[in-house]
Each structure stands twice: as structure tokens, then as C-alpha cells.
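Subject: Structure for you to look at

Hi,

Here is the structure I promised. Please open it alongside this note.

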Amino acid sequence: MPVKIYIPCDTTALAMGADEVAKTVEFQSREAGLSADIIRNGSRGLFYLEPLVEVATARGRIAFGPVEPEDVPGLIETLMEHGDVFEGKHPLYLGLTEEIPYLARQQRLTFARAGIIDPFSIADYQAHDGFEGLKRALALIDSAGPQGIVDEVKNSGLRGRGGAAFPTGIKWQTVLDTPAEQKYIVCNADEGDSGTFADRLLMEADPFTLIEGMIIAGLAVGANQGYIYLRSEYPQADKILNQAIKTAYAQGYLGKNIQGSGQHFDLEVRLGAGAYICGEETSLLESLEGKRGLVRAKPPLPAIEGLFGLPTIVNNVISLASVPVILAKGGDYYRDYGMGRSRGTLPVQLAGNIKQGGLVELAFGETLHNLVFDFGGGTFSGKPAKAIQVGGPLGAYLPQAQWHTPLDYEAFAANNAVLGHGGVVVFDTSVDMAKQARFAMEFCKIESCGKCTPCRIGSVRGVEVIDKIISHDNQEQNLELLNDLCDTMELGSLCAMGGMTPYPVRSVIEHFSGDLLKTVTGNEQQE
């Protein structure tokens with residue numbers, strides 16, 4: 001029987017040379033006379049170990065990493081000499097994959113199959129409890145109607161993982177209750193926040209979970225057409241998603257008469273053009289309609305007048321991918337994870353100046369400190385950490401005093417911070433926080449859609465004011481002016497782009513004013 005060797009084919013692993021490793025494994029195995037079945041799985045999210053090569057054994061999968069092509073001959077030689085008894089026989093040996101502490105301590109619900117299955121194989125997906133949520137959803141349609149599905153999602157406590165944290169079940173209820181001949185399910189896969197990659201990882205490692213979640217959403221609200229709005233910078237995800245959709249059609253999970261149920265759902269991928277603002281739901285809808293990505297005023301909500309003016313669910317990838325496990329195991333099961341009003345799990349992405357970058361899925365309630373130092377291993381540079389930004393480029397920079405705040409939407413809001421999409425970016429003591437405040441304003445200036453004045457003009461003036469502060473020009477007056485400008489942007493902007501830009505700027509003023517003061521006065525004061 002051939003030895004099964006798993007080598008990831010997701011974007012991160014490919015960037016780290018996974019294709020070369022796979023080719024070398026194939027060549028060396030053939031040369032050594034080893035019968036090997038190479039499976040291109042997705043990543044498990046332990047990016048600091050990529051390319052992570054796994055070998056199936058009677059005890060479970062054994063991991064080696066990070067593997068480079070020149071490591072392969074020795075690995076194949078070890079496999080030929082010792083069979084599946086690797087312990088201590090190879091320098092890259094990591095033991096059983098499931099027992100690597102970074103992975104073993106996680107609570108994986110949404111990413112339970114990531115890195116385990118072949119993302120191109122629907123049979124592998126089914127063999128690992130895939131489509132169990134859809135089966136229950138179809139049963140609920142027969143017994144309780146669409147309301148039964150919506151009630152299960154409401155009971156789970158799931159909130160949008162895209163940033164706004166709006167209750168998913170309430171959004172679905174609104175669409176269900178809005179009469180229309182045509183409704184839509186739109187997946188926001190325009191993952192643009194700095195340091196985030198959970199959507200991409202999910203789509204590349206377990207695409208059928210997203211497809212299943214979107215089918216269930218369609219059944220819940222009476223929509224038979226879905227679109228995945230995917231950022232163009234994700235070509236590997238585009239390739240894998242389209243192959244998975246094609247397979248799902250061939251196996252009767254998409255199209256008319258899903259699995260003989262009489263239900264109908266079509267799905268396709270649409271590529272965005274690279275504008276950050278198209279991650280905002282109304283700009284996304286404009287773009288899907290073939291227009292420039294401009295923010296729409298709300299109300300009306302997209303749930304009532306969305307795509308082409310019709311009721312539309314717009315959910316993030318992780319929100320929709322969380323639905324299958326909720327339907328398969330019940331809303332109570334999912335709700336038992338988490339704290340307060342933050343229920344279930346949050347996939348956190350560790351990035352920036354960090355030793356062990358990757359994805360960590362845990363129930364809400366873990367502290368930022370434990371994530372960065374226990375899972376992440378501290379900074380990559382070895383210098384002390386100075387600031388941690390959570391929630392993308394519009395999230396606050398948190399000082400050390402706030403690192404023990406539990407990951408919870410309300411706890412973060414109390415610190416004038418956001419969890420957003422779960423992106424965590426670490427900075428060491430070499431960072432100049434005055435430049436980070438300027439970066440936040442400049443980012444808004446570049447990415448603003450331009451529809452509302454507070455965002456379009458406010459960000460330009462904001463950059464100018466910060467430049468005056470860091471060049472010794474009336475420090476006190478310009479700090480006051482910057483605060484007033486932040487008030488105007490926060491309260492007057494049409495969407496979160498301008499409304500949240502003040503978050504990182506104010507966090508620098510409040511917690512890292514030493515950097516601003518140092519720049520203005522030449523003082524070497526540090527936080």
C-alpha cells in the first residue's frame with residue numbers, strides 16, 4: 001500500500017516553496033523505490049512551520065517542518081529505513097501533528113477540517129462529517145420550514161465575523177420576513193485587513209464548508225442564487241473555489257433539486273478589482289452590480305434592498321462557514337463556547353513581528369497576551385513587544401496594559417478598540433507610533449471611496465495635521481485640532497472607513513504620546 005504524504009497547496013505554503021518540495025518528494029520517492037501517494041491538502045494554519053509535510057502512519061499523521069527541497073532526500077531515506085517509526089530519526093521531526101501544542105490547544109469548530117482533508121475531494125469532505133449540517137437543514141425545512149433554520153442560527157449566538165459583529169440570525173430573519181420573488185446570498189470574501197488571512201485559509205483548505213454554509217443560508221431565507229465576492233489578490237482561492245463549485249454541481253449539491261429535495265441553489269465566484277472599500281457591504285453590492293464601489297447610505301439595509309434592490313444576506317466567509325457545524329451539532333453546542341454576548345469561536349490570525357505566525361481558533365475569552373506570547377512565541381525580532389493592533393488598519397493600537405483584555409466584543413469596545421476580523425499584528429520597540437498614526441490617516445486617504453466629506457477630506461487634513469505635529473509646528477494646538485477632526489470623522493462619516501480611522505489615531509495619542517512628544521521636542525521619552 002502506498003505511503004500517504006500530505007503537502008499543502010495553499011497560498012502561504014506555496015510561497016514558502018511547497019510545490020518544489022512536492023516535486024522533490026515525488027522524484028526522490030520514485031528514485032528510492034518508495035510507493036508514495038502525494039496529497040495536496042490545505043494548511044493547518046501553522047504558517048511558521050510551512051511547508052509542513054505530514055506522513056500518514058498507523059499512529060496518525062507525523063509532521064515534519066519547515067521542509068525545504070534539500071531536506072527531502074534525508075526524509076525519504078529515513079522513511080525507507082525506519083518505516084513509520086520516526087521518533088528522533090530526523091531533525092525536522094515534530095511528532096504527531098495533532099499533538100503539536102500550537103494546534104492541540106485550539107478549539108477548532110469552523111476550521112476543524114482545515115489541513116486534514118483534500119480540498120478538491122468532496123468524498124473526503126463527506127468522510128469528515130461534511131454536509132451533515134445541510135442534511136439537518138433540509139430536514140428542518142420539511143418539519144419546521146425555513147424559520148427552523150433561522151431559529152437555530154439565532155440560538156447559536158453567532159455574530160458576523162467580518163467586523164461589525166451584527167447578530168447573524170437577526171440579519172437572516174429580516175431577509176426571511178421580507179417578501180420578494182428573488183433574494184440573494186452574497187459572501188464577502190474581499191478580505192483586505194492587514195494581517196488577516198482566515199478567509200483565504202478556509203477557502204483554500206476547506207472550500208465545501210463555505211459552499212455548504214451558503215446553501216443553508218439560501219434555504220433559510222428563500223434565496224436560490226449566491227455569489228462569492230472574492231478579492232482578485234487570491235488566485236489560488238479562486239482556482240480551488242471554482243473547482244469545488246464545479247464538483248458540488250456534479251454531485252447534486254448545487255443547482256436544481258439539491259440531493260433530491262426539490263430545493264434549488266446556484267453559486268458562482270465574482271472577482272473584485274482590489275479596492276479596500278469593497279469590503280464594506282454596500283460598496284461590495286455596487287461592485288457586484290458592475291458599478292464603481294461607492295458606499296450606499298443606510299437605511300435601507302441590504303437585508304431589505306440589497307443586490308439589484310432585492311433582499312440580500314451579506315455575510316463574511318467565516319460567518320457562513322460557521323453555519324454547517326451549528327446546524328450539524330445544534331445552536332446550543334455552538335453557544336456553549338465563548339463568553340458574554342460573544343458566543344462560539346473566533347479564528348485569530350497572528351501576524352506582524354511575531355515568532356510563530358499562523359491561525360489560532362479559540363472560544364471567545366482568551367487574552368491577547370496568551371495568544372501573542374503562548375501561541376505566537378513573542379516577537380520575531382526578540383525585542384520586547386510595544387503595541388498590538390487588533391482588527392485591521394482601522395483597529396486601535398493596544399498598549400501592554402490592555403493585553404490581558406479577554407477577546408470579547410464588548411470588552412474590546414470598552415477600551416475603544418475592536419476585534420474586527422480577528423487580525424492581530426504585533427510591533428516591537430523599534431516601531432515609531434507617530435508614523436503608525438500617520439499611516440492610519442494616509443490609508444483612509446488612499447482607500448476612501450470619496451462619497452462623504454468627513455472621510456474624503458478629513459483624512460487628507462488628518463495627514464497634514466499629523467505632519468505638523470511631528471515637525472514641531474504648534475504641537476498643543478494641532479493635537480487639539482486632530483482630536484476635533486477625529487470627532488468629525490467618527491460621527492459624520494457614511495461608513496466605517498472614515499468612522500473608524502480615528503480609532504488607531506486616538507490610541508496613539510492616548511497610549512503612545514511619548515512618540516509624538518519625542519518627535520516634537522527631541523525628548524527620548526518612551527512608553
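Below are the notes on a cavity, a helix and an aspartate.

This is a predicted model: local features need pLDDT of at least 70, side-chain atom pairs count only at pLDDT 80 or more, and totals for chains, interfaces and linings use all residues. Residues are numbered from 1 along each chain as its sequence is written, and side-chain values use heavy atoms, without hydrogens or water.

Cavity. The structure holds one cavity of 30 Å³ or more. A cavity here is a set of points on a 1 Å grid over the protein atoms alone where a 1.4 Å probe fits but cannot get out; lining residues have an atom within 4 Å of a point. The volume of the largest cavity is about 40 Å³, counted as the space filled by probe spheres set on the points. Its lining includes Val295, Lys451, Leu494 and Met497.

Helix H12. Helices are DSSP runs (H or I, at least four residues) and strands are E runs of at least two, numbered from the N terminus. H12 spans residues 281-288, and seven of its eight residues are buried (under 20% relative accessible area; exposed is over 50%, partly exposed in between; 1.4 Å probe, protein chains only). Among the buried ones are Glu281 and Glu286. Their cover includes helix H8 (168-177) and strand E6 (184-189). Gly290 follows H12, with a positive phi near 90°.

Asp374. Asp374 sits in helix H15 (residues 368-375). Asp374 is partly exposed, at 42% relative accessible area. Not counting residues up to four places away in sequence, Asp374 touches Arg105 and His369 (contact means heavy atoms within 4.5 Å).

Best wishes

Definitions and conventions: 1 Å grid on protein atoms, 1.4 Å probe; cavity = no way out; pocket = protein on both sides within 12 Å on 5 of 7 lines; lining within 4 Å.
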